[in-house]
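Okay, thanks everyone, let's get going.

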Amino acid sequence: MSSLRQVQELTQNFDDIVDMLSSSESRLTVFLSNDAAMTHASDHVISLLQASRETVYDALRGHMTYGIINIQHLDAPVEIVTLAGTSLRLFHDDDTMDLFVSGSHVTARVTEMDIWCSNGVVYVIDEVLHLPVRTIFQELKRHPNLSYMCTLFESLRNNEFNLSDTQRDLTVFVAANEAFSYLPWPSVDLLMRDLDRTYMILRAHVVPDEKRYLNEISDGTGLPAFQNVIYLLTVNNKRYVINNNVRAEVLTSDIPAVNGRLHIIRHLLYIPYNSVMQLLQSMDETRPFHALMSVNDDYMATVTSLDRNVTLFIPSARYLRTVTSEQMAMMSADPKILKRLFQGHTLPQVRMDDVFLRQYPKENYIESKSSYNMSFTVQKTKNGVFVDGGYDIQILDVIGKAFGCTNGIIYIIDGFLNYSPLTILERLKREPSVSRSLQHMLRLPSPNQVELLNQQNLTFTFLMPHDLAVDFLSYADLSYLHDMQDENRQKVFWRHALNGSEITYDDLRQGRVNSFLLPPEVTFSKLGTGLYFRYHGINSRVTRWNLVACNGIIHLLTHFLYRSPSSSTTYYPADTPTSRTDPVHAVGANKLKLGGVKMLCEILLVSCFGRLAFLVIST
């Protein structure tokens, strides 16, 4: 039998434990650490054991339980409660069928079993349960599959962090040796030649002044590492850690050491190991958009280039499943739409990763303009992080849906940034902030005229009154509106449409609005920071803008462009806050699209605004 001299010496210091182990009336199962386990103890632990009777007492009682347990014939893991009130878990290794016992995150192998005594049974184990006896560095050396990082930590050890230092707590995430096989050769070569970079990467794996088990940390929590921040995330019941958008699966967690905690991970953090193309092809959430865009030469040249850094905002597979097959077919068949999608979701030559975003204060916008003259804005708010490409705003999950690559970074978003497969009419019907006002608007024209907003071969800039605009109309105003003759009601409806053009917010802000595009008696002006459409003393402010549709664009107004005989002049103050405080200015791709009306088969002559306007409808 293995020598148990050291644990015997510790036990002799506690009379009640000695009496219990000696009593013929006791029925106990005891796990005793052999001398080899104790010789691994660091000087710090030996000093602790000598100075703290309470620690030793609890640790010894944590190796004992009442009753006789025969662990050879366990069919499944068993949890037992010790005399100290702590838990032990008994289990078989599925591969080797060795028996193990785990307590307080320390796991020991049973080296000798079924040592029967008159008052119980003894199992000899190769570790001290409940009490770490090694430093983090000593634990590293015990694991052959951690030898690569162990060598790096040993070679680059300095005063900032020393894994053998028992005076400072550390939480360390160590990549298994297999992690280095995932790296492309240029990355491995750089690690070998550039020791400063290697040291920086090691710093990204170490959290100072923390001694944390993973079950103590909730999802999304950031742990400030020596280099950047480490986040924890659970996906499909697997735990991952992330630093600078590079994630690694946790293989073995919660290895306690006297100076901290050790967690083994599958990949290195901070340094990417997949290219943009590899991730786009391998992830379920990116494959549909990648397949859609693969016929666009500019897109393919960007995602396959290995000598640039690119930021991609990829609409998710979950979102694209909401797009009909007809809409997908329309997008894939139209080179102009694909070009627009490429330019509105690609930021070439800029790596907008976690390190980049952390350079800016939380309250500020981060704006980057692409070489395609598109501006992208990232805003951090108390409600989250958002990205804006000048049209629709999307939530940006900078932890769970951001993936660092060797040549860029991919963000998965739940929508398009500068395009919508919906027509103007479909988009209006789905916009909750115009549900009341739309009911009134759709009663004004004939059904055939309403259907024009559904025609994908037509182009409109539609000025839609917000729901709050209804509150500015009295009962008399609404009654007069709906009691007018058909022709006059149609005039009111089409007064809110600029036909044959797509005028963006930036066009409005820059004054790129030709008067001949405006409906009769409607003018446009800027007053301070406000943008107004005016009609007979009604000053209607643009309060939301750039709601994009496949056949145009929508801006929301504060007032209807309508006056009844009983209406009073209504002004809207220029300094009233709008729903977006600092818009993104998308230019270039957003210039006026004139001549968008194409003759198909039949031209419908519509009397509108008191003049003749030609509108095209499909047969």
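This is a predicted model: local features need pLDDT of at least 70, side-chain atom pairs count only at pLDDT 80 or more; totals for chains, interfaces and linings use all residues.

As a reminder, an α-helix has 3.6 residues a turn, so residues three or four places apart point the same way.

How do the axes of α9 and α10 cross? Helix α9, residues 185-193, and helix α10, residues 195-203, have axes that come within 5 Å and cross at roughly 105 degrees. That makes α9 roughly perpendicular to α10. On the α9 side, the contact uses L190, L191, M192 and R193, and on the α10 side L195, R197, T198 and I201. Sorted by class, that's five nonpolar residues, one polar and two charged.

Next, further along the chain, helix α19. This one covers residues 435-442, with S437, L438, H440 and M441 buried. Down the axis of α19, the buried residues fall within an arc of 160 degrees, so here too they line one face of the helix. What do they pack against? The partners are α18 (424-430), β23 (460-465), α21 (475-483) and α22 (486-494).

Is L508 buried or exposed? Its relative accessibility is 1%, so L508 counts as buried. Leaving out residues up to four places away in sequence, L508 touches I503, V513, F524, K526, L531, F533, V542 and H555. Take K526 from that list: L508 and K526 are 18 residues apart in sequence, and their C-alpha atoms are 8.6 Å apart in space.

Okay, zooming out to the whole protein. We've got 23 helices and 30 strands. Of the 619 residues, 55% are buried. Among contacts with a separation of 6 or more, 66% come from residues 24 or more positions apart. And the accessible surface comes to about 27800 Å², with 49% of that belonging to carbon and sulfur atoms.

That's my tour, over to you for questions.

Note on methods
Residues are numbered from 1 along each chain as its sequence is written. Side-chain values use heavy atoms; hydrogens and water are left out. Axes are lines fitted to C-alpha atoms, for helices over the stretch in contact, and angles run from 0 to 180 degrees between N-to-C directions. Helices (H or I, at least four residues) and strands (E, at least two) are DSSP runs, numbered from the N terminus. Angles under 35 degrees count as roughly parallel, over 145 as roughly antiparallel, 65 to 115 as roughly perpendicular and the rest as oblique. Contact means heavy atoms within 4.5 Å. Ala, Val, Leu, Ile, Met, Phe, Trp, Tyr, Cys and Pro count as nonpolar, Asp, Glu, Lys and Arg as charged, and the others, Gly among them, as polar. Buried means under 20% relative accessible area, exposed over 50%, partly exposed in between (1.4 Å probe, protein chains only). The arc is that of the directions from the helix axis to the C-beta atoms. Accessible areas come from the Shrake-Rupley method with a 1.4 Å probe; for residues, only the protein chains shown count as cover.
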